[in-house]
Structure formats: structure tokens, C-alpha cells
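Work through the following exercises with the structure open beside you, and try each task before reading its solution.

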Amino acid sequence: MMKKLGEINTRLRESVDDLKLSLTCINSTIHRLKSSFRSLEIMDETKEIHFFKFQKPRFCAWQIFVVELNQVISSTPKVTDSMLIDYYKNEIEIINRFFRLYAFYHQYYLINESAMDEVFFLIRNRSLFPPGREIVESDSEFSTELDYLFAAFKAKDMLLDFLVMRVKILQLNSDQIIVQQVLGKKKRSWSGTKMELVEFAYGIYFTRRVNGGKADISDIITWLEDSFSEDLAQAYRMFVDITRRKTISQTKYLDEMRGAIHEHIEESLKYKPQKRRPKN
């Protein structure tokens, strides 16, 4: 799904080039996800909770995000930078108001609490009107009390990142001297290949060490792009190429990293006799 979305939109986290195609792609994927879920004859409660707490929200979050991002961009006024900053700040406050509205559930989401998972993420415990779905009807056989709200939290986080970045860019542009100073201090470059950086990104993603394991690969890729001023728009395609490697290791760069660390440790632990001091 992410590969197709990357092809439809140049940089999905910054613009939605084709809303209809993007939503069609996401909806088709969610439909397949639903079919796969329903084809399972037996699913214990632990797996059901994990599915509705983590897996389904990861897909549905993009459905919510592309719609709201498109609305924000299409409604952006053509005004001065100062007025534009106010527009983005107002959108940020709308998101924060949403978080406050569902404060208890949002805190549960943020700290990855699990005490009430059976109530929140088992189909049999779903209420008639789950939080966030009081108006829009949902599939009672493919939803739980909080799976939609968790998807909404994730989508709002992505939209919040977009808005905060836009405000920062506009504020920096208001003073070019400050811009140069900031960029001069923070500029870093990646001296390896893009393929190596993508391999590094997926290594971080699959080991689930960022944001309690809730960070999407797109979050990690965007972070690395911003950190090293690299364009990884083809990251998903490059990862497919990595999985198809035959003659070299599929984790070539990570293997190199591990080898370099081991070599450094072994070298530092080697016995190094002290030089004798010359006699007076």
C-alpha cells in the first residue's frame, strides 16, 4: 500500500496529489485486510487485541490522514506568511482540542497501556456507539471500541507533524540570517548510498525501537530525510530491491555496521603491554 501511495503522491506527508486514487488504494487494502481477518477460523483473544490495537489502525490512519491533509492544503489561504502561520496554528489547536476531547483514551494510547485491552479491542465488547464513531456507522463485525480512535490518534499525530513543520519553515523564512545560522549549525550529510540509508531505516522500523514501536516506516524515512537532506522518495521500491538480493546479503550495510562494532571492541580489548620507563 505504501509503495503505491508513494507512486501516486510525490511526497505523501507533504501533499496529496490525487485524493481519489490515494483513497482507492487505501480502501482496497483495508478491504483485503478485512477479508483476510474474516477468513481466519480461530483467533485467540491475544491476537485479536493485537490486530485491532496495532495492525488495523496502521492502515486506517492513512485513510484519515490523506483526507484531512488534503482538506488543510486545499483550504490554505493565499495570504502573508504571518497570516499563514496563524492558519496553521489554528489547525494545530483543532487537533489538540480533539486530543483533549478524548483525553483518557489518548493517554492510554500514548503510554501504550494494556489494562483495559479486553474491553477496548475485542469485537464482543464493542458498544453501540464507540468513541469517535458516534455519528459515522462502522462495521460491527470488523471493529472494536477503540480501533478507530487509535487510527485517528495516529493520523492526527502525522498531521500535527506536517503543521508544526510548516510553521517552523515560515518562521525561519521571516529572517534569512537566522535561517543560515540554523542550517549552518545543523547541516549533516549522508556519505553512504541511499540504499544503505533505506536498509538502516527498515532496520530501525523492524526492531520497533522508536515511539514504543508505533512509528511507521514513513515516519522513520521522513526523519532520516530531514536529518541528512536526502530524497528517499523511492524508499519502498529500494527496499523491494533489497529483498530480492541474491548474490549479496539482504542486510549488507547492517552486517557491515555489526562487523565494525565487533572489530572496534576486539581491538580495544587486545592486550597492549606498557612501555618500560628508562632507568635513570
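**Exercise 1.** Which residues line the largest cavity?

*Solution.* The model is a predicted one, and a search of the whole structure finds one cavity of 30 Å³ or more. This largest cavity holds about 30 Å³ of space. Its lining is made up of Ile 204, Tyr 205, Arg 208, Arg 209, Val 210, Gly 213, Ala 215 and Ile 220. Sorted by class, the lining residues of the largest cavity comprise five nonpolar, one polar and two charged.

**Exercise 2.** Describe how helix α9 and helix α11 are placed relative to each other, and name the residues that meet.

*Solution.* Begin with the two quantities that describe a packed pair, namely the angle between the helix axes and the distance between them. The axes of α9 (residues 194–206) and α11 (residues 235–243) come within 9 Å and cross at roughly 90 degrees. Because angles of 65 to 115 degrees count as roughly perpendicular, α9 is roughly perpendicular to α11. Next, turn to the contact itself, where Lys 194, Met 195, Val 198, Glu 199, Tyr 202 and Phe 206 of α9 meet Ala 235, Tyr 236, Met 238, Phe 239, Asp 241 and Ile 242 of α11.

**Exercise 3.** Which helices each supply at least two residues of the lining of the second largest pocket?

*Solution.* The second largest pocket has a volume of about 370 Å³ and a lining of 18 residues, of which Ile 30, Lys 56, Cys 60, Gln 63 and Arg 133 lie nearest its centre. The helices that each supply at least two lining residues are α2 (19–39), α3 (45–74) and α7 (147–173). By class, the lining of this pocket contains six nonpolar, six polar and six charged residues.

Definitions and conventions
Residues numbered from 1 in each chain as written. Predicted model: local features only at pLDDT ≥ 70, side-chain atom pairs only at ≥ 80, totals over all residues. Heavy atoms only, no water. 1 Å grid on protein atoms, 1.4 Å probe; cavity = no way out; pocket = protein on both sides within 12 Å on 5 of 7 lines; lining within 4 Å. Points joined across faces, edges and corners; volume = space filled by probe spheres on them. Nonpolar A, V, L, I, M, F, W, Y, C, P; charged D, E, K, R; others polar. Axes fitted to C-alpha atoms, helices over the stretch in contact; angles between N-to-C directions. Helix = DSSP H or I, 4+ residues; strand = E, 2+ residues; numbered from the N terminus. Parallel < 35°, antiparallel > 145°, perpendicular 65-115°, else oblique. Contact = heavy atoms within 4.5 Å.
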